[in-house]
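Work through the exercises below with the sequence and the model at hand. Try each task before reading its solution.

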Amino acid sequence: MSAFNTQYENILTSRPEPGVALVTLNRPKALNALNTALFKELNEALRLIDADKEIGAIVITGSEKAFAAGADIKEMKDKSFSDAYQNKFLESWQEITTIGKPIIAAVSGYALGGGCELAAKFGQPEVNIGTITGGGGSQRLARAVGKSRAMELTLTGRMWTAEEAPRRGEGEGAVVREAIALAAEIAGKSQLAVQAQKEAVNAAFEQGLSEGLRTERRLFHMTFATADQKEGMAAFAEKRKPNFTNS
């Protein structure tokens, strides 16, 4: 079963670039308000995509008018306490946090209910050589510049300067194109290193600093058991492009 040949009612799925999955929220009359039916489909599609070895990164978008206009009030307005509590209303919304592959939100228009400038030229290029930050980069960077920017920097391995403002396209098309381009760049890295790096950045917000540093170090050491780490470092030494096999 594939997310790309399944007919959904509230989302659309496609593969705009090799290694990239695009999931579009598709409740235009409700401004993509988030309800149980939409999240059921979204969670199913993301689980299938996460298991798809041909996909390295995921983009989620909405429409030009609205990415998502918050939770669906029509679904909630008549719920009782016992219904909401006993049926664990909204608990399934957390399933997206269990997806291992990077998820990029291409936001245009309203993004209600959901959600840094850098001071020097720097980078976290470890993912380019098939490994991850090992000296605390994911932990301290996430605390300094925020989770979204830390994810972007560590998953792409880019260099940035204080003068570089993030590119912002005009209109939905440009926003989605930029998100797809970013996803394609990430998809070209080692999937093992990317997923380990994502886990390390998430640890910065789920654990204290000392525990987060231990998590990062454990994941860093783990990459030395992968063929991609060997290939990435060999390619760097030989001044050639690495050929990652996600193994």
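## Salt bridges and a pocket

Glu185 is partly exposed, with a relative accessible area of 28%; partly exposed lies between buried, under 20% relative accessible area, and exposed, over 50% (1.4 Å probe, protein chains only). The model is predicted: local features need pLDDT of at least 70, side-chain atom pairs count only at pLDDT 80 or more, and totals for chains, interfaces and linings use all residues. Residues are numbered from 1 along each chain as its sequence is written, and side-chain values use heavy atoms, with hydrogens and water left out.

**Exercise 1.** Find the residue that forms a salt bridge with Glu185, and state where both partners sit.

*Solution.*
- Step 1. Apply the criterion: a side-chain nitrogen of Lys or Arg within 4 Å of a carboxyl oxygen of Asp or Glu.
- Step 2. Arg158 is the partner of Glu185, and their closest N and O atoms are 2.5 Å apart.
- Step 3. Glu185 belongs to helix H6 (residues 172-187), while Arg158 lies in the loop between helix H5 (147-156) and strand E8 (159-160); the pair is 27 residues apart and links distant parts of the chain. Helices (H or I, at least four residues) and strands (E, at least two) are DSSP runs, numbered from the N terminus.
- Step 4. Arg158 has a relative accessible area of 19%, so this residue counts as buried.

**Exercise 2.** Is Glu231, in its salt bridge with Arg240, buried or exposed?

*Solution.*
- Step 1. The side chains of Glu231 and Arg240 meet at 2.7 Å, N to O.
- Step 2. Glu231 is buried because its relative accessible area is 17%.
- Step 3. Arg240, at 34%, is partly exposed.

**Exercise 3.** Which helices are linked by the salt bridge between Arg218 and Glu199?

*Solution.*
- Step 1. The N to O distance of this salt bridge is 3.6 Å.
- Step 2. Arg218 is in helix H8 (residues 209-222) and Glu199 in helix H7 (residues 191-206), 19 residues apart.
- Step 3. Both are partly exposed: Arg218 has a relative accessible area of 46%, and Glu199 has 40%.

**Exercise 4.** How many residues line the second largest pocket, and which element gives the largest share?

*Solution.*
- Step 1. A pocket is found on a 1 Å grid over the protein atoms alone, as an open set of points where a 1.4 Å probe fits, with protein on both sides within 12 Å along at least five of seven lines; lining residues have an atom within 4 Å of a point.
- Step 2. The lining holds 14 residues, and Glu199 is among those nearest the centre.
- Step 3. H7 gives the largest share, 7 residues.
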